[in-house]
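My notes follow in the order I took them.

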Amino acid sequence: RGSCTASQVLLELILQNKAPKAIILRDVDGLLCVGAIVAQEVFHHPKVPDILCVGDDQFASIQEFVNAAFTKRKSGTTATERFGLVRQNKIAMSDTIDDGVFSCDTVPSTGAAVPSSDEEIMTSNMTIEEREMLDACENEADRMALRVLIRYAKLTMDEPKYLNVTKAHIDGTTYIGPGGLEFVTRLANAGGKVRIPTTLNAVSADRRRWKKYGIEPDYALASIQVGDAYIKLGCEESSFTCAPYLLPHHTPQLGEQLVWGESN
């Protein structure tokens, strides 16, 4: 939590069919959900885990149950019996997962079910502005990126508002696995191009001196390919920094709206 690495790791797990069946959260964590949303919108992956936001009270109940389950496990309590205890506590964890009632767009405390298919998610409760933005997309890369953005916005805000921005900084440039590389490659191959000056965060291996630092060739090559794909999107080749505000012409000005992802 707190870094785009969470969404990157979840994406890799989904694409390798190693993701958990469900993730239970106390609060909405939009950043984590991005990995699941990208898996649906960009990769159309059929097995994306349910991500449940259950609120303070139910999360506390689950914690109490897990502690009790570990204690009873030593005495031979079965998985079925443990799920039964959850249902008795009115959490109904196994029912909601197996029946597909919840998905990664579940909102806290309401308990409302949301559509499970990509198209249902996108067409339900869309505003006129959101429809107009989608209609204005020039290629598939634009549509994929905007669909992810809209779903993230609706996940984290009841009534999201959209602003025009003048600069962008992309944080998810580290090589976590082949999924992240395939993600940006798909955007580039689908005609994607940035519309505003866009800088890149530091990558996993020095693009020029990786041999000097003893980086494994396969890992260095993958890291370089990630950077190359972002450059193909039109991102600035001379950036690769976690401090974009120090670059010439990138110092934020009073009144500018920026979309910068970074954790320094």
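This is a predicted model: local features need pLDDT of at least 70, side-chain atom pairs count only at pLDDT 80 or more; totals for chains, interfaces and linings use all residues.

Residues count from 1 along each chain as its sequence is written, and side-chain values use heavy atoms, with hydrogens and water left out.

**Entry 1: positive phi.** I looked at His249 in the loop between helix 10 (217-232) and strand 5 (258-260). Its phi is near 70°, a positive value in a residue that isn't glycine. Is His249 buried or exposed? My cut-offs are under 20% relative accessible area for buried, over 50% for exposed and partly exposed in between (1.4 Å probe, protein chains only). At a relative accessible area of 77%, His249 is exposed.

Asn17 went in next: phi near 55°, again positive without being glycine. Asn17 sits in the loop between helix 1 (5-15) and strand 1 (22-25), and is exposed at 55% relative accessible area.

**Entry 2: helix 7 on helix 8.** How do helix 7 (residues 128-135) and helix 8 (residues 140-156) pack? I get an angle of about 165° with the axes 10 Å apart; axes are lines fitted to C-alpha atoms, for helices over the stretch in contact, and angles run from 0 to 180 degrees between N-to-C directions. The two helices are therefore roughly antiparallel (over 145 degrees; under 35 is roughly parallel, 65 to 115 roughly perpendicular, the rest oblique).

For contacts (heavy atoms within 4.5 Å), I noted Glu130, Met133 and Leu134 of helix 7 meeting Arg143, Leu146, Arg147, Ile150 and Lys154 of helix 8. These residues split into four nonpolar, no polar and four charged. I count Ala, Val, Leu, Ile, Met, Phe, Trp, Tyr, Cys and Pro as nonpolar, Asp, Glu, Lys and Arg as charged, and the others, Gly among them, as polar.

**Entry 3: cores.** A nonpolar core is a set of buried Ala, Val, Leu, Ile, Met, Phe, Trp, Tyr and Cys residues joined through side-chain atoms within 4.5 Å. The largest has 34 residues, with Leu10, Val38, Ile51, Tyr230 and Leu233 making the most contacts inside it. Helix 2 (30-41) gives this core its largest share, seven residues. Apart from it I found another core of seven residues, including Leu134, Leu146 and Ile150.

Key:
Helices (H or I, at least four residues) and strands (E, at least two) are DSSP runs, numbered from the N terminus.
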